[in-house]
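The sequence and the model are shown first, and short notes follow.

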Amino acid sequence: MLNLTKLPTMTEKAQLLQAQFLLRSLNLPLDTLLSRLLPHVRLSSSNSNWYRLSKSSLWRQCQATADSITRRSIRQMSLKLRNETLARHRAAPSHTLLTHCRPTVCIDPILWLPMTQCERSRCLRWRLGWLPSDYSTVCPLHPNRSLTKSHAIQCLRMHHRLMMLETIDDPLSFLLNLLPTRRPKPTSKGTPWTIRWPATCTILFELDFLQH
Ligand SMILES: [Zn+2]
């Protein structure tokens, strides 16, 4: 769940550093050794590390789209590629938790918005699929049912309490995805949260209670 913290994978980070190295090598003073060697190492016949690094998807995308490559354009392209990768993963049936997270790469506000430690813990555990934790726990209110996420949504009447349409599969995740990604301004936009945020915290508290 690196997407919660906007952290790249090791491969993505390596490609970013490689692209920055290639950019630096293209802007070296003319009397440096690497600058003198560039006409040779840029050829495919040289079989050089420089040539191999230039075949990374990030560097090729930067070359294809930007007139002049800069550190800024490299970072922007890297973020664009990470968003595309996230979209592919969200579309895959094996990433069910990811489909309920935000569709773009950003720091999830549940990590930094003001709330108590317990509330943040419950929000994170809901995101990570740890609350409810596993399918072996029985719902104390319905002893013949397992405390799964779908049962918890029905059992705690989340749609009704959060004032969400029944067509939304996971109303709690849907609401968490609507939390502001920047510090909210004192406008009327924050008004709906005065009702829904306490309801969200109460639902997660009850769910935590049912699980234990
Ligand atoms: Zn129940």
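## Terms and model

A residue is called buried when its relative accessible area is under 20%, exposed when that area is over 50%, and partly exposed in between. The structure discussed here is a predicted model.

## The zinc site

Four residues coordinate the zinc ion: C139 through SG, H142 through ND1, H151 through NE2 and C155 through SG, at 2.1 to 2.4 Å. The angles among the 4 donor atoms run from 100 to 117 degrees, and the site is tetrahedral. Along the chain, the donors of the zinc ion show the spacing C-x2-H-x8-H-x3-C. Because C139 belongs to strand β1 (residues 138-139) and H151 to helix α8 (residues 149-155), this pair ties together parts that are 12 residues apart in sequence.

C139 and H151 are both buried. For C139, the relative accessible area is 0%.

## Cysteines and disulfides

The structure contains 0 disulfides. C118 is in no disulfide, and the nearest cysteine sulfur, which belongs to C201, is 11 Å away. A pair of cysteine sulfur atoms must lie within 2.5 Å to count as a disulfide.

The relative accessibility of C118 is 48%, so this residue counts as partly exposed. C139, by contrast, is buried.

## Aromatic rings

Across the whole structure, a search finds 0 aromatic pairs. A contact of another kind involves W126: K149 lies over the face of this residue, at 4.4 Å from the ring centre.

Notes:
Residues numbered from 1 in each chain as written. Predicted model: local features only at pLDDT ≥ 70, side-chain atom pairs only at ≥ 80, totals over all residues. Heavy atoms only, no water. Donors = N, O, S within 2.8 Å, 3.2 Å for Na, K, Ca; no water. Tetrahedral: all angles 85-135°; square planar, octahedral: opposite > 155°, others 65-115°. Helix = DSSP H or I, 4+ residues; strand = E, 2+ residues; numbered from the N terminus. Buried < 20%, exposed > 50% of the residue type's maximum accessible area, 1.4 Å probe, protein only. Phe/Tyr/Trp six-rings, centres within 6.5 Å; stacked < 30°, edge-to-face > 60°. Lys NZ or Arg CZ within 6 Å of the ring centre and 35° of its normal.
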